[in-house]
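Please open the structure in your viewer and keep the selection tool at hand.

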Amino acid sequence: MSAKNHRSISLILAGASCTLLGAGAPTKAVAEEASAWDFNTSLLYYGEDGDRVKDFSVSAIAKRMFVDDRYLTLGLTVDGLTGATPSGAIRQDVPQTFTRPSGNAAYTVPAGVLPLDDTFKDTRVAINGSWQQPLGESGLINLGASASREYDYMHLGVNARYARDFNRRNTTVSAGIALSMDSLDPVGGAPIPLTPMLDVGDTSNRLGDQDKDVFDVVFGVTQVLSRNLVVQANYSYSMSDGYLTDPYKVLSLVDGTTGDTLLRTPTPGVEGPSHQFLFESRPDERTKHSIYGQAKYFMNGKVLDASYRYMTDDWEIDSHTVDLRYRIPFGEQRYVEPHLRFYTQTEAEFYRLSLPDTEPLPAFASADYRLGNFDAITVGLKYGWRTRSDDEWSIRLEAYRQTGTVPSSQVIGNQASRDNYPDLNAIIVQVGYRF
Amino acid sequence: MGSPCELVCETPKRANALELTERVAAEAWRIEDKFSRYLAGNIVARINASAGATTEVDDETADLLDFAVTLYDLSEHRFDITSGVLRRVWRFDGSDRLPGAGDVAALLPLVGWHRVSWQRPLLQLPAGMEIDLGGIGKEYAVDRCANIVREARGGPCLVNFGGDLVATEAPSRRRRWKVAIEGESDAQPERIIDLKQGALATSGDARRFLLKDGVRYSHILNPSTGWPVPDAPRSITIVADTCVEAGMISTLAMLKGREAERFLEAQGVVGWCRR
């Protein structure tokens, strides 16, 4: 027996088992150790219409499961941004010349066209990592860190979240904090707020690096109400402190009667702005409060996910967001998920379409369309399927439309005949692969 | 079976699940009642109390005895259903209380299948010797119960008797059973296995061992010496078509001691060994 071939042992055993059990051939076993790593990757394209912003983004999230419900998550995102974004200057019936943010060159925008700053090209690399593990009998703690780098911006952040289950795990209460320390090194230097755009080569109103800190706190409650319904409510507080101005945004200084931008003559022999533009100015603090409610309702495999968010801040922006997703499975491996999102916000207290020369300069002013009064709607559809090897693919297509209005009290003279808040349309295509 | 037994099934109606569970439970109890060495009056008790007389056994018992003989041969006499008497001196309770060498040696004359006369269906066991089918019984029960589920067309079911288990089919939605192999502590599984179908059995001494002077004594005993097999892995998990095969391969590997991994490799089986 001692010379018995090892391999034949399992064969003899298989035969003996068959005899013992007396049934036909047993089902063939198929098993493997569960993969400890889970990868979630995606390719995202965001494209605004015309010459405006295009973002191509690649991201990968790797999650490593350890014993005892401990997880390590690592993420990497690389964004490539191109395209142009409104500079804040208003349209004119004549061509307008601007000095580039770098201060090294000038560009001209044709008559009647919305001035866009086309130096908006950047690559952003962001990484993050987090560790999650149980803490005590029913607690869970998550600690994370993040960093990102782009040409003119650097972000470093840390965050922590603690969640605790009660009521036989039907109630989860959580609290989280996040700290972010960002530094900006704008192209050409950060301009002194509300100073004029100067001729090419003149850097006398530029400052060095700027800093911004953000502190966030979130409190949340998740409650399982029935077999089919889970609801969640969050309150979050966010305080930003530091340089919150957009260094590339300007306002047009206009005639208080005609509403036309005041002309300017560059120094002879030097290129420079044809009109008078002032760099914007924002308060160096911003405090936001937001409340968020979400309900997930399961019905026969379908999932309705509805959420609402109200945000208010001391810049006097109030916003409401309603988000609806409805996941409909068909077959065992596929689903479609229509998505509808409505957003509306009021303008910041210091939002100005332009600055009339008849009024004293305010302390803060911005013509950034993102701080204006606008509504937005997103309509999308996601389609997902699972492969034989249990990987998951998804493709998401969405259309975004933003329509804004400028308060009539801010529209002066000839401005009334121009489109002061042009619509913004964008499409979003995302392909996701999970394995 | 000395451990929690469960049936996890995916059926369209609650009534189907209940009916299936009742049939599976009935079979598990039948096997327990018939073969447990802790119960009086069953066939094992009759054999052990036979005091040297010949016992005629039924077909099912004879099949199990034949199977035990095959294992005895395949294991170079290390798998021996008469070695249960050694438990009179070995108590694997995590302590450092080793038995005395003399006490162990005194039991050896009562151990050894070669002392038994087995001419199916007649078994003659020398007086004082005992048999114990506990090393096969649980796996056998799992396979029998899985067959009941299959014959009843019970759909995807997981028959799990204390970690020895069979999945009849993959669950339809999740498409695999996630099986956590118990580690040394309650909270931390040793590993997680995606089982689509088939059997999984684990042998181990997570809680059954003795520790003295830094030496760990596993509960796997070598019947020829009466002492634990040295250098046995702490745990072996095996995948096979039937639970009996999976369980026996992991037991045979355990009996190989430090050669366990080499043995498993040569078998070409899917398995995991932890030292």
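**Before you start.** This is a predicted model, in which local features need pLDDT of at least 70 and side-chain atom pairs count only at pLDDT 80 or more, while totals for chains, interfaces and linings use all residues. Residues are numbered from 1 along each chain as its sequence is written, and chains are lettered from A and ligands numbered from 1 in the order in which they are written. The helices (H or I, at least four residues) and strands (E, at least two) named here are DSSP runs, numbered from the N terminus.

**Stop 1: strands of chain A.** Select residues 210-226 and 229-242 of chain A, which are the strands β15 and β16, and you will see them pair in the antiparallel sense over 14 bridges; two strands count as paired if DSSP finds at least two bridges between them. The two strands β15(A) and β16(A) form a hairpin, with 2 residues between them. To follow the pairing, look for A:V218, whose bridge partner in β16(A) is A:S236, and then for A:V221, whose partner in β16(A) is A:A233.

**Stop 2: an open sheet in chain A.** Which order do the 3 strands of this open sheet have? The order is β18-β17-β23 (chain A), and the pairing is mixed. Because β18 (277-279) and β23 (355-356) of chain A stand at the edges with a single partner strand each, one side of each is left without a neighbour in the sheet. Select β17 (residues 250-254) of chain A together with β18(A) to see 3 bridges in the antiparallel sense, with A:L251 opposite A:L278 in β18(A).

**Stop 3: helices of chain B.** Select residues 59-74 of chain B, the helix α3, whose 16 residues should span 22 Å at 1.5 Å a residue, which agrees with its end C-alpha atoms being 22 Å apart; the expected span is 1.5 Å times one less than the number of residues. Just after α3(B), B:E76 takes a positive phi of about 55 degrees.

Then select α5 (residues 134-151) and α6 (residues 243-255) of chain B, whose axes come within 8 Å and cross at roughly 155 degrees. That makes α5(B) roughly antiparallel to α6(B). Among the residues that meet are B:I136 and B:Y140 in α5(B) and B:V244 and B:G247 in α6(B).

**Stop 4: where the chains touch.** The contact takes 45 residues from chain B and 27 residues from chain A, where two residues are in contact if their C-beta atoms, placed from the backbone, lie within 7 Å. On the side of chain B that touches chain A, β8(B) gives the most, with 11 residues. Finish by selecting β1 (residues 30-33) of chain A with β8(B), which run antiparallel and are joined by 4 bridges, and look for A:E33 opposite B:I193 in β8(B).

Methods. Axes are lines fitted to C-alpha atoms, for helices over the stretch in contact, and angles run from 0 to 180 degrees between N-to-C directions. Angles under 35 degrees count as roughly parallel, over 145 as roughly antiparallel, 65 to 115 as roughly perpendicular and the rest as oblique.
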